[in-house]
Amino acid sequence: MKVPIKLLVNGEPHQLEVAPNETLVELLRERLHLTGTKEGCGVGDCGTCIVLLEGIPVNSCLVLAVDANGRHVATIEGLGDERKLHPLQESYLEKGAVQCGFCTPGMIMSGKALLDQNPAAGEDEIRRALSGVLCRCGAYKKIVEAVKAAGEKMQGAR
Amino acid sequence: MKTLYVGKSVPRLDGMEKVTGRAVYCVDVELPGMLYAAVLRSPHAHARILGIDTSQAKAAPGVKVVVTGKDVPYTFGEMIKDQPFLAMDRVRYVGEPVAAVAAESELEALEALRKIQVEYEEMPAVFDPREALRDGAPILHPDLAEYVRSSIYDIVPGTNVCMIRRYSLGNVEEGFREADEIFDDEFYIHAVAHTPMETHAAVAQYAPLENAFTVWSSTDGPHRRAKELAGSLGVSLNQVRFISTYSGGGFGGKGSMVAEVLAVALAKFSRGRPVKLVYSREEELTASQTRHAAFLRLKTGMKRDGTFTARQADIIWDKGAYASKGIDVAYRGMLTIVGPYRIPHVDLLSRLAYTNKQCGGAYRGFGTIQVTWACESQMDIIAHKLGIDPLEIRLKNAYVDGDRYINGQVLTTVGLKETLREAGREIGWGKPKPKPDGTKVRGTGIASVIKPTATPTDSYCYIKLSQDGSVVLFSGTPEIGAGQKTVLAQIAADTIGVPLSSIAVPNVDTAVAPFDSGTTSSRATFHMGNAVRLAGEKVRREILTIAAEILNTEPDRLSLSEGIITGDGAGEGKTLVSVLAKKFPRGGTILGEGHYSPEGSPLLAAMPGRERLSSIFWMFATHAIEIEVDTETGIVRVLKVAAAHDVGRAINPVLCEQQIEGSVIMGLSNALFEEFRTAKGRILNATLADYKLATMMDLPEIVPLMIETYHQEGPFGAKGVGEPAAAPTAPAIANAIFDAIGVRIKDLPITPEKILAALHEKR
């Protein structure tokens with residue numbers, strides 16, 4: 001049995017038929033080939049699959065594709081590219097917050113959800129907001145610095 | 001030599017791909033006609049396989065291939081070929097692959113696993129390596145003596161000993177007689193999971209006509225894996241091709257074949273269709289590899305003034321079911337249990353014992369983490385007993401330039417004392433302790449590490465310069481996340497004299513790139529960096545020769561920087577591009593190849609017969625750590641880590657900081673949070689909710705400090721930095737706990753329960 005759904009991914013409309021047990025991360029990666037979103041555990045523990053659903057960070061492995069029906073999904077691919085990076089992506093590069101890069105999309109999307117609400121977020125808020133994403137390279141220090149710097153840029157741009 | 005890029009924190013070459021989500025990891029590889037694999041694993045720790053019935057699974061919907069050990073009767077293992085692709089007559093740990101399925105979808109492959117029937121006969125199992133060494137213990141590998149193995153390591157046939165080595169210097173009994181005090185302590189360090197965020201994965205494709213295999217993998221040593229796989233399959237190296245993807249973390253865990261052999265086994269029968277296998281997180285935690293647990297007994301003789309007279313060590317390593325790289329871990333680890341100190345008499349024994357568990361493998365630090373835990377914890381015990389400051393006693397015994405390592409190698413560029421002083425200064429060593437804040441008590445601890453690099457090893461590369469001035473660097477060094485591409489490009493740009501932006505470093509393809517020993521042992525910058533330097537110099541010389549012909553002058557009178565040729569006869573400065581356009585009107589290529597091996601370097605000279613223990617460079621580091629213990633809950637919080645590292649030369653300071661900061665996090669996570677919970681060989685906490693890693697909430701203040709000692713044979717003076725930083729963190733924390741509350745934890749991990757129990761005992 002397949003269920004028809006409509007959703008907006010990075011502003012682009014999609015109409016698909018999904019299985020009732022299909023997860024959002026599977027839809028993004030396997031159906032839409034948006035492989036920037038990673039799946040590190042499949043049970044919501046690691047945060048590498050975090051995307052924004054109506055601006056709220058969610059573990060996309062815990063969201064059923066049918067529950068994304070009629071909603072906006074934002075992934076790393078929609079954030080910016082080499083012609084115009086998002087301040088978070090820029091700061092990530094400037095501060096050296098990337099190592100292996102596997103947690104980077106989940107971290108950046110978590111950071112975006114925070115800074116969209118509060119670009120003046122302090123270190124404690126940043127840590128709390130990003131603590132749902134694990135980074136085994138241990139890049140935490142530079143990630144906090146990058147998010148802080150991005151927030152400053154976003155405030156300046158207002 | 002003046003450098004424009006070396007020594008600067010240029011942004012990562014792979015940064016843009018990674019922040020935009022475009023970097024392709026192994027789990028992202030998609031190929032036309034691809035099948036998806038799933039693996040049936042042993043539910044028993046030790047059992048005989050009496051029969052496997054795959055007929056129902058073969059008929060299940062979507063299923064294309066089902067294989068068992070009988071279909072692929074190959075074994076692998078870089079040091080001992082003791083590991084079957086899939087279990088043959090017996091299983092040796094819970095989680096061992098027994099059968100594998102490839103189907104049109106992952107779900108169909110998983111469904112089919114339930115239709116495979118396996119008949120087992122359980123056998124007694126052994127989980128503690130000390131018990132595994134006793135007479136009458138269940139034997140895991142009755143055919144141990146028959147296996148193909150590297151002959152430099154000793155086994156004991158008919159036992160579980162897959163490696164035994166002893167190393168002696170001087171006369172340890174005499175040393176103990178000279179001692180004023182003898183310290184005899186036992187330590188335990190636990191197994192931990194590498195836990196890369198990208199689990200193990202592989203895609204394999206077979207070309208029946210050529211009998212050739214292509215494997216996509218995020219392994220840390222594509223050439224070594226290709227060599228090993230070709231050896232197992234009995235084919236030539238041009239029939240095995242490894243293509244590196246980006247790696248979502250390795251830390252040593254991707255230093256052996258794991259998913260690769262299973263994908264290959266299925267691909268052999270899939271009629272040319274590629275087969276993809278991605279380990280689940282549960283498989284990653286239970287059936288990939290771990291850091292070896294170890295029991296270490298350390299007996300040390302000291303003079304009252306704080307000098308060493310002797311050290312005896314007895315180390316028993318928990319091997320798990322298969323050798324993997326454990327043999328070398330146990331051997332090289334043993335050799336650094338002397339620490340970075342002058343000890344006249346040593347006697348070291350290392351035994352590696354098979355047990356019915358997931359196998360240990362290379363883990364960031366390669367044995368030094370285990371021995372540093374014992375060595376640096378005992379150093380603290382010694383200091384307190386003798387009434388000498390822990391920093392002072394280290395400074396007193398620390399290796400300096402000109403000292404001899406235990407094989408007689410003369411040590412050069414030893415930045416150890418600077419790391420001790422810098423770390424001590426940054427943490428405020430010796431400052432008055434703050435008053436306890438209620439039940440929270442602070443303490444400070446220090447620990448150092450010495451780490452060799454595998455020697456000798458080889459790195460080859462070639463550099464291709466096209467007629468438009470663009471450069472491609474083909475090296476066998478994969479980007480495992482540490483910034484390898486960036487560092488090598490920086491070295492190439494400065495050596496050739498071209499802009500960094502003109503250099504591309506593709507991911508490794510063993511069909512194209514020449515041999516490299518991989519990104520193990522913190523060797524890549526030093527070894528491949530040297531190969532790149534040699535290749536770059538050849539390219540530069542050829543460019544200048546061509547330019548000299550065109551400009552009617554001598555090459556020696558010209559120089560090249562940022563793609564501009566200057567010097568006599570060059571007028572206002574000709575561009576490289578214009579010179580190449582003139583030389584290659586129809587197109588053309590300049591190739592420069594480079595090979596570096598330290599073999600034959602005078603720096604490796606040592607006592608006769610002991611040269612193999614020399615290291616072409618030695619890494620030194622010291623971590624000074626401030627912690628806070630809550631005596632009511634037993635919870636330890638790391639507040640600050642001053643991490644000083646002798647890096648030789650920081651080719652890219654930010655990348656060095658990343659390695660130092662990252663391994664501090666890994667070290668504290670290993671020491672305080674991570675632990676496998678097991679029952680009868682089964683891992684009970686196989687999720688990241690139950691196997692705890694440090695999160696951003698655990699981040700202490702980390703101050704990375706780089707000491708530059710300029711190694712004479714390193715590229716631009718560089719050594720390595722990725723591995724040593726994980727080792728001193730755990731003992732520095734334990735030493736800080738002692739400083740805070742006077743209890744000594746000798747077995748890892750340091751849990752609140754152990755702290756409270758020790759406090760209770762003390763009262």
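Into which domains is chain B divided? Chain B has domain 1 (26-123 + 200-278), domain 2 (294-454 + 603-762) and domain 3 (457-596); these bounds come from an automatic or database domain assignment.

Before going further, a word on conventions. This is a predicted model, in which local features need pLDDT of at least 70 and side-chain atom pairs count only at pLDDT 80 or more, while totals for chains, interfaces and linings use all residues. Residues are numbered from 1 along each chain as its sequence is written, and chains are lettered from A and ligands numbered from 1 in the order in which they are written.

On confidence, the average pLDDT of chain B is 97, and 99% of its residues score at least 70; pLDDT is the predictor's confidence in each residue, from 0 to 100. For the complex, the predictor gives an ipTM of 0.98 and a pTM of 0.97.

Let me return to the domains. The C-alpha centres of domain 2 and domain 3 of chain B are 39 Å apart. Between them, 18 residues of domain 2 of chain B are in contact with 16 residues of domain 3 of chain B, contact meaning that the C-beta atoms, placed from the backbone, lie within 7 Å.

I turn next to the nonpolar core. This term denotes a set of buried Ala, Val, Leu, Ile, Met, Phe, Trp, Tyr and Cys residues joined through C-beta atoms within 7 Å, where buried requires 20 or more other C-beta atoms within 10 Å of a residue's own, these atoms being placed from the backbone. The largest such core has 312 residues, and Ala37(B) and Ile733(B) are among those with the most contacts inside it. Helix H14 (residues 524-551) of chain B gives the most to this core, with 14 residues; helices (H or I, at least four residues) and strands (E, at least two) are DSSP runs, numbered from the N terminus. Leaving aside neighbours within four places in sequence, the contacts of Ala37(B) include Val101(B), Ala263(B) and Lys276(B).

Chain B also has an open sheet of 3 strands, in the order S6-S2-S8, with antiparallel pairing; strands pair if DSSP finds at least two bridges between them. Strand S6 (90-91) and strand S8 (117-122) of chain B each have a single partner strand, so one side of each is left without a neighbour in the sheet. Strand S2 (residues 47-53) of chain B is joined to S6(B) by 2 bridges, and Arg48(B) has Arg90(B) as its bridge partner in S6(B).

Finally, the contact between the chains takes 37 residues from chain A and 43 residues from chain B.

Methods. Contact = placed C-beta atoms within 7 Å. Buried ≥ 20, exposed ≤ 12 C-beta atoms within 10 Å, placed from the backbone.
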